[in-house]
Amino acid sequence: MKKTITGRNVFQQLKADLIGKDSYRGVTLTYSWLANQFGHFSLGFIPTFLLFLYLKKRMSETQASLYSAGAISVLWLAFETINFLGPLLMSKPGGVKKHYVFQPAWGNIAFDTITDLLFFWTGAFTASLLCAETSAAAIAVVVLGLLMIYPAYYWYLTKMYLQAPAYPFQFRLSQWNTEHIPQEDVALIRQFMDHKTPGMHLFLFGPKRSGKTSLSVAIATELSIRHRSAVYTSAMKLYCMFFDHDEGTSNDMLWNWRKASILVIDDINPGDPIKEDIISPDRFLSFVDTFSTNDINRTVLKETSVIWVMGDSDTSSQKWRDMLHSIGVERGKMISLNLRLDAGAEPSTMAKYDLQTQS
């Protein structure tokens, strides 16, 4: 069974974030989210209180408290509306609208904006209630508090799914804006992401600085946001994991690679300028089979959706597909993406991609 995060896991993480000391354990994504929302609450509370101190000299305290909360709430609504619409309307110098290879998840962004507004407004009306007790402010605080329950749970849970894989950096698919990739190739990446059954395999070939790792992290990040359990690892670390007899997890791990729905295997081979493939498919399979109680490693690789970050030698892709087919992976579930840098172009700004499916 692939692992999902339970309510108990959420409670344990919340307890660790609220009680633990980040001075010795580091800051988690969940802790950062909590701190961020407290900041949003404060940005509603503090300006409302300051505005109340100004207005109460010119009107009754009851009016001042409600006007202050209303004004600050409208102010943050206007700010977040501009902040949300900005990327939609953003243009490059010269008036050309910004192009996304992969469109941002606008619904996800809108939900995040609404969540921020709920915290802004709750802070504003909490300040109003403390400044002058009114039934309107009390009702607003109760209603906003109830509305915040689901968004708060969703985003905290999402942050847990994002921090568990131990990605090397935070990177979303809409940030991967390398040009010159055909829409049909983008559609194939979408096919990998949207496939309902497990066991899809995506091979990413390319030289150094061609964007293999960035693309793999971006794809896996989007799947983590969809609440799919994922693990990011290098090939060398995975070779050691093959020998692990214990399928359990430590206290700070929600799942291991055998329990993940998505597995990203980075640095299988270095790629150009190193021409030689250090790890061959046969050699990789020998590591897989070293610990083979009930063929557990083969079974996991077959049933898990895997992103393989390979070297530059796409001529070896057929051998890798044959290796996967030998352990039971259907050829129709394998996709190859070959990244090529254009001659004379800067790797970070110009790249050409060829992507094909194998059947």
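Me: Hi! Where is Ser 305 found?
Reply: Ser 305 is in strand E4. Keep in mind as we go that this is a predicted model.

Me: Is Ser 305 buried or exposed?
Reply: Ser 305 has a relative accessibility of 4%, so it counts as buried.

Me: And what does Ser 305 touch, not counting residues up to four places away in sequence?
Reply: Ser 305 touches Phe 192, Pro 198, Gly 199, Met 200, Arg 228, Ser 261, Ile 262 and Leu 263.

Me: What about Ile 307, where is its place?
Reply: Ile 307 sits in strand E4 too. Its relative accessibility is 0%, so Ile 307 counts as buried.

Me: Which residues is Ile 307 in contact with, leaving aside neighbours within four places in sequence?
Reply: Ile 307 is in contact with Phe 192, Leu 202, Leu 204, Ser 216, Ile 219, Ala 220, Leu 263, Val 264 and Ile 265.

Me: Let's zoom out. How many helices and strands does the chain have?
Reply: There are twelve helices and six strands in the chain. Of its 359 residues, 44% count as buried. Among contacts with a separation of 6 or more, 77% are between residues 24 or more positions apart.

Me: Now helices H3 and H6. At what angle do they pack?
Reply: Helix H3, residues 29-55, packs against helix H6, residues 135-163, at about 150 degrees, and their axes are 8 Å apart. That angle makes H3 roughly antiparallel to H6.

Me: Which residues meet there?
Reply: From H3 you have Leu 29, Thr 30, Trp 33 and Leu 34. They meet Ala 152, Trp 155, Tyr 156, Lys 159, Met 160, Leu 162 and Gln 163 in H6. By type, the residues of this contact are eight nonpolar, two polar and one charged.

Me: Switching to aromatics: how many pairs does a search of the whole structure find?
Reply: The search finds 23 aromatic pairs. In one of them, the ring centres of Trp 33 and Tyr 156 are 6.5 Å apart and the planes are at 70 degrees, so the pair is edge-to-face. Trp 33 is in helix H3 and Tyr 156 in helix H6, so this pair ties together parts that are 123 residues apart in sequence. Both Trp 33 and Tyr 156 are buried.

Me: How are the rings of Phe 284 and Trp 308 placed?
Reply: Their centres are 5.2 Å apart and their planes are at 65 degrees, so Phe 284 and Trp 308 are edge-to-face. This pair links distant parts of the chain, as Phe 284 is in helix H10 and Trp 308 in strand E4, 24 residues apart. Phe 284 and Trp 308 are both buried.

Me: Which residues form one aromatic cluster?
Reply: The cluster is formed by Phe 203, Phe 205, Tyr 239, Phe 242, Trp 257, Phe 284, Phe 287, Trp 308 and Trp 320.

Me: What lies over the face of Tyr 54?
Reply: Arg 58 does, at 4.0 Å from the ring centre.

Me: Last topic, backbone. What is phi for Ala 166?
Reply: Ala 166 has a positive phi of about 60 degrees, although it is not a glycine. Most residues other than glycine have a negative phi. Ala 166 lies in the loop between H6 and helix H7, and its relative accessibility of 52% means that Ala 166 counts as exposed.

Me: And where is Asp 267?
Reply: Asp 267 is in the loop between strand E3 and H10. Asp 267 has a positive phi, near 55 degrees. At 51% relative accessibility, Asp 267 counts as exposed.

Terms used. Residues are numbered from 1 along each chain as its sequence is written. This is a predicted model: local features need pLDDT of at least 70, side-chain atom pairs count only at pLDDT 80 or more; totals for chains, interfaces and linings use all residues. Side-chain values use heavy atoms; hydrogens and water are left out. Axes are lines fitted to C-alpha atoms, for helices over the stretch in contact, and angles run from 0 to 180 degrees between N-to-C directions. Helices (H or I, at least four residues) and strands (E, at least two) are DSSP runs, numbered from the N terminus. Angles under 35 degrees count as roughly parallel, over 145 as roughly antiparallel, 65 to 115 as roughly perpendicular and the rest as oblique. Contact means heavy atoms within 4.5 Å. Ala, Val, Leu, Ile, Met, Phe, Trp, Tyr, Cys and Pro count as nonpolar, Asp, Glu, Lys and Arg as charged, and the others, Gly among them, as polar. Rings of Phe, Tyr and Trp (its six-membered ring) pair if their centres lie within 6.5 Å; planes under 30 degrees apart count as stacked, over 60 as edge-to-face and the rest as tilted. Buried means under 20% relative accessible area, exposed over 50%, partly exposed in between (1.4 Å probe, protein chains only). A charge sits over a ring if NZ of Lys or CZ of Arg is within 6 Å of the ring centre and within 35 degrees of the ring normal.
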